[in-house]
2 protein chains.
Amino acid sequence: MLSARPRATCIRSLGPWLAAIAAVAGTGPVEATPELAGFTDDGARVQRRVEERLAALPSAAAFRAHLERITLDPHPFGSEANARVADYLARVMEGAGLEVARHEYDVYAPVGRPGVSVALVRPLRLPLNNQEYVLDEDPYSAHPAAGPGWNAYAATGDVTAEVVYANYGRREDFQKLAAIGVPLEGRIVLARYGGNYRGYKAKYAEEAGAAGLVIYSDPANGGFANGPVYPEGPHWNESTVQRGSIKTLPYPGDPLTPGEPALPLDSGRVASRLDPEEVALPRIPVTPLPYGSAAEILRRMEGDPVPKGWQGGLPFTYRLTGGPGLTVRLRVEQPCGWVRATDVVGRLRGAEVPDQWVILGCHYDAWTFGAADPNGGTAMLLTLAEALGELARQGHRPRRSILICHWDAEEFGIIGSTEWVEELRRDLAASAVAYINADMCVTGPRFGAAASPTLKGPIVEAARAVAHPDDDRTVYEHWLPAAGEDREPAVGNLGGGSDHVAFYTHVGIPAAALGMGGPSLYHSLYDSFAFFERFCDPQFAYGPAMARIDGILALRLANADLLPYDVGRYGADLALHVASLEKRAAELEVAVRLDSLRRAVADLGAATGLMAAAREAYLDRGSHPLAELTDLNRQLLALERGLLHEEGLQYNSWGRSLYAGPDPFSGYACWLLPGIRYELEAGDAAGVAQWEAVYVDAVDRLAAQTRELLAALGAAP
Amino acid sequence: MLSARPRATCIRSLGPWLAAIAAVAGTGPVEATPELAGFTDDGARVQRRVEERLAALPSAAAFRAHLERITLDPHPFGSEANARVADYLARVMEGAGLEVARHEYDVYAPVGRPGVSVALVRPLRLPLNNQEYVLDEDPYSAHPAAGPGWNAYAATGDVTAEVVYANYGRREDFQKLAAIGVPLEGRIVLARYGGNYRGYKAKYAEEAGAAGLVIYSDPANGGFANGPVYPEGPHWNESTVQRGSIKTLPYPGDPLTPGEPALPLDSGRVASRLDPEEVALPRIPVTPLPYGSAAEILRRMEGDPVPKGWQGGLPFTYRLTGGPGLTVRLRVEQPCGWVRATDVVGRLRGAEVPDQWVILGCHYDAWTFGAADPNGGTAMLLTLAEALGELARQGHRPRRSILICHWDAEEFGIIGSTEWVEELRRDLAASAVAYINADMCVTGPRFGAAASPTLKGPIVEAARAVAHPDDDRTVYEHWLPAAGEDREPAVGNLGGGSDHVAFYTHVGIPAAALGMGGPSLYHSLYDSFAFFERFCDPQFAYGPAMARIDGILALRLANADLLPYDVGRYGADLALHVASLEKRAAELEVAVRLDSLRRAVADLGAATGLMAAAREAYLDRGSHPLAELTDLNRQLLALERGLLHEEGLQYNSWGRSLYAGPDPFSGYACWLLPGIRYELEAGDAAGVAQWEAVYVDAVDRLAAQTRELLAALGAAP
């Protein structure tokens, strides 16, 4: 997982993808679906049998063995240990009967482990610790290859300066500092983790003229204020460092090849690469720090007390400035160069429609050991690959192909998956049924999910089909809101920050992120097998449960007669997003009404609301020729692509989804209907009107496609 | 100054050269000398006038300006700043009218500034400071080129281990640890500065199997226990680091070319260089630490309390071992390679006997700014060069040549001077009247000196001739022991640790080290002009006073009709040394008596005791032909060479002086009559007898030479 969560508590591992969950929580019950959407009765019977067999296959022992093996050593992108992990993944998938291919890219990235140091210079020289304590309870913490914390793509630099505290380092925090009149030019900024993607802290600090940035983990945001710290509990102790990338380019992936794959330098197949000097990578040195070290700076600051809401969890009054008697030296030596990324892709070839692909994926590179982030997901996918391979050997090969992808270099900026998507964009646009992400998907008992609208229903149904390891209830029953709240569990809207981004926002493939959440000390040395066994999944049961959920979801998408997309959800969700935008306009005092779009969405809703019943009625009419089904499925598959805007968003030409896009001011959150949102935030009513027209066109097109499909299914339009 | 002092109080800057001062303190009045020994009455009158003029020339302003200029930047050997200092030295001496030559050598030494870090690993990660605090009172402490402490020639290594405290890290300390049964194999040893040369701490730690060594400055040995610390007072504060070389080869100078000059690699004039792998340079990583940082380790140690005498000045009970819960990581990255050393030698050509040389010298390379060590001496020599040049312009060119030498690379192992002596050994043996060292010679008001016997008298006389800047008394009067002690001030015997070593022990040239002593924080970043002005020489008066003393001493040696060597001192001092050896034999319970040697020395004393009177009687007989004087002077000059043993000492073939040699077990102290002392320490009575014979031969030879000379002077034998 690349980016931080809001408030960075790290308890809910799915945080980053749940950007707009609040907007979804009030939507009421999801569309009612029949027991096995998209299947004929005969197909459903076979599918049920296959699912029963699948459920029996993933074992705690297999999951545990894979995880322990993968997380033996720190294996960041570019390391030899990571190459060994890649070899292991390929070997296991080949052993399971999958066809395995490696896809390689040469990307511009930090080479090796950088030199980083932070020290007080005045009033005394005090080098600050930037590495986790060695704990008897966690032998991984003494691993010889364990190293101090750093931020990928920080600039090389050596600065000594006074300090300024900038709260979370959000846009509004820097605006506040400017309003108060705190000088930032030439200062070293201290910002706490949380509130936005860490890269934006660096971006805003740099724009404010800061000489450097220290990002620390405040105990209020994941430390002792949240409960006992590691090893007593799962919370951040005074030495725990959150590593992470600070790249904030308007596109994920290789910084030098937006929109096209960074094929190997010696392949001769890349038209051009950008000049690194011309790419907006950070220009100031940046480093993370644990709170035990940040406290040594913060406690010595002598300026004015901070505004309301800026006080953190350390036991003294936080100050805005350190004053001239307090200087800090920050040194970063981080050369960049070309580093080889290797995606390892296994394919279980579909028996009937091999050129339609259900894709599951998780990155395998890790900031440290990666037990929670990401390799619980990796081990789960290996366990699932073995189960699916075994089913195929038993004669239950899926009708469509299932791809299991292990991405490299996610932690440095979602690189491996993005390059792969850019390389295979045309094939994916034509063939990809769905992308299901497994990053950090095993950290505890609490199931959660975020997805594009079409996958929300299938996810809920999959959760109904799997027993929760903790008792005799299903995952779905555990997931339900507290008793008395009469509604479905909320499936959030996908945010940024992991490998679904290119699939979803660049190519328009329905995407989802599912996981069973719990604690993690992600991007720290304590993200180890020892922590995992103690606090995440002591019985190694949640991993196999996730394999069942992902496996059932994938098999339904792969085997359904008609793709079981939750098409009706578009109408409901879009109507909600339009209402949210109008509310936001009121907050911002931008005088706009989205009447045309509201009408278009209502019209779309009228059509999509008929889809589930039409599909089931069609299937109930008995068997249909495969060619006819295949044609219908192609139309279903094309629906979501209808919301793509080929030219890209006005603020981000790489992002082509009109439905969801990055928040360009936090890098963490996801904006819904981003083309309009951007104009709203800029206070440009004319721009809103212009983009509303773009959206109305797209929604009308989607409604027309839906009606065509309804007609093809034999439903009255 | 290369090496540490005993007890490392650093208050007496001449400490290292006063190795055997205790042995001298009781010798009673020195031989009575006439007012201007070695001069005819006419010569003495001229000399007095010249000395008066000389005394008026050195100014506080000139001394201050030179010192401030030289100490602008840290200028260790090999740095660009050091090359700029060399250029300045050459420019000033050329301006003063001296002929300036650069002598260059390519020596094997650390290249650039190494990477060094020390951190606690268990029970918590705590990087330790290894650099001086920035002080408002001393702006040099914030110099951008200021860096952390390190030890030259420490091995590259990265070790994490438990710790053992080894007191001063002396031979006897490691013997004690072995006797107690403290395991050292694979441990990191902590030893405090003091008690021996730091290189021997490393040597003994390595021999004991230690994985690494941390040498720290205990507050009992120069810190708060001695008085207010810097900047309040001149004592070591908790951040003050003593840098320094740890080379312990049996020869000073370039490690690869013992006995011959390390002429530049491209000169094609060096027969062979040793293979660095075959030279006994340290094999373990070593670093210095200030006591503020060492305390973080020491306070967490949990083993048995230390033996009596091992407790230092930190406020807790010192322990022998840290235990398994305390581990420390020591990392040193220190590549060695060839580094160019440049000696800058100015010559004021003698008017009558230019091929007899009176040599003054001081190194100019410094661990940091070098205000006290060594550049007070450098600035003094420049001030003196300007004064001597002015005298020459006024018609008072010295009869013999005076050389003013600025040595490079002393701090890494007395390299520049040693290579120069090795290059010019034959010339020096024939021509050098004396070598007078000025390393660290200006740090305060208290005059002190150490010398070979022949120069002791002339030094006392020079001190009589110069007014002390503090009041209307002479330097000599200040130097006298406290009222009531009816004796001459003590001139110590020369130890090791600075640039006189090669002159004295390799070629047998009479040598001396003179200085006006006070506080210094030598080898630390606080050895700055700011410290110097505050605590060493606030009026910049002691520097000019030293220029007068060295100038008068040099001019007397350069202008005397007969060299004014204190020949009589040989008899007295040798008798004392023989008695000391017999006492040491009793301590060691080695059954030896040095009867033959005692008799030979007594016989020598009978002859040398006549020399002063014979010389003066000769001169009183009126003028003599220059050729005759020159011949007599050659004989005088050859006397001290009579105590050379061409094959070298049995334990050190480079050291050829039978009179003084290095203590091979501490590297700091100087042994007198080292050939016998070595056998004594080994408890080898037969060896003592064998070496006694060598000494008797040499003393007999010296006595015979003395008698020949007496006869030539017309004295009755």
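Predicted model: local features only at pLDDT ≥ 70, side-chain atom pairs only at ≥ 80, totals over all residues.
Trainee: How are α2 and α15 of chain A oriented relative to each other?

Mentor: Two packed helices are described by the angle between their axes and the distance between the axes. In chain A, the axes of α2 (residues 41–56) and α15 (residues 542–559) come within 10 Å and cross at roughly 155 degrees. Angles over 145 degrees count as roughly antiparallel. Therefore the relation of α2(A) to α15(A) is roughly antiparallel.

Trainee: Which handedness has the crossing of α2(A) and α15(A), and how many nonpolar, polar and charged residues has the contact?

Mentor: The crossing of α2(A) and α15(A) is right-handed. From α2(A), Gly43(A), Gln47(A), Val50(A), Glu51(A), Leu54(A) and Ala55(A) take part, and they meet residues of α15(A) that include Arg548(A), Ile552(A) and Leu555(A). Sorted by class, the contact of α2(A) with α15(A) has five nonpolar, four polar and three charged residues.

Trainee: Where around the axis of α18(A) do its buried residues lie?

Mentor: Helix α18 of chain A spans residues 611–620, and its buried residues are Met611(A), Ala612(A), Ala614(A), Arg615(A), Tyr618(A) and Leu619(A). They cover an arc of only 165 degrees around the axis, so they lie on the same side of α18(A).

Trainee: How many residues of chain A are in contact with chain B, and which classes do they belong to?

Mentor: Twelve residues of chain A are in contact with 13 residues of chain B. On the side of chain A that touches chain B, the strands β2 (115–122) and β3 (126–127) each supply at least two residues. By class, that side of chain A has seven nonpolar, three polar and two charged residues.

Trainee: Is Asn167(A), which has a positive phi, buried or exposed?

Mentor: Most residues other than glycine have a negative phi. Asn167(A) has a positive phi of about 50 degrees although it is not a glycine, and its place is in the loop between β6 (163–165) and α5 (171–180) of chain A. A residue with 20 or more other C-beta atoms within 10 Å is buried. Because Asn167(A) has 25 such neighbours, it counts as buried.

Trainee: Where does Phe540(B) lie, and what is its phi?

Mentor: Phe540(B) is buried, with 25 other C-beta atoms within 10 Å. This residue lies in the loop between α14 (529–536) and α15 (542–559) of chain B. Phi of Phe540(B) is positive, near 55 degrees.

Trainee: With which residues is Arg446(B) in contact, leaving aside its neighbours within four places in sequence?

Mentor: Arg446(B) lies in strand β16 (residues 446–451) of chain B. Arg446(B) is partly exposed, with 18 other C-beta atoms within 10 Å. Beyond those sequence neighbours within four places, the contacts of Arg446(B) are Met516(B), Gly517(B) and Gly518(B).

Methods: Residues numbered from 1 in each chain as written. Chains lettered and ligands numbered in written order. Axes fitted to C-alpha atoms, helices over the stretch in contact; angles between N-to-C directions. Helix = DSSP H or I, 4+ residues; strand = E, 2+ residues; numbered from the N terminus. Parallel < 35°, antiparallel > 145°, perpendicular 65-115°, else oblique. Left-handed = near helix turned anticlockwise from the far one by under 90°. Contact = placed C-beta atoms within 7 Å. Nonpolar A, V, L, I, M, F, W, Y, C, P; charged D, E, K, R; others polar. Buried ≥ 20, exposed ≤ 12 C-beta atoms within 10 Å, placed from the backbone. Arc of directions from axis to C-beta.
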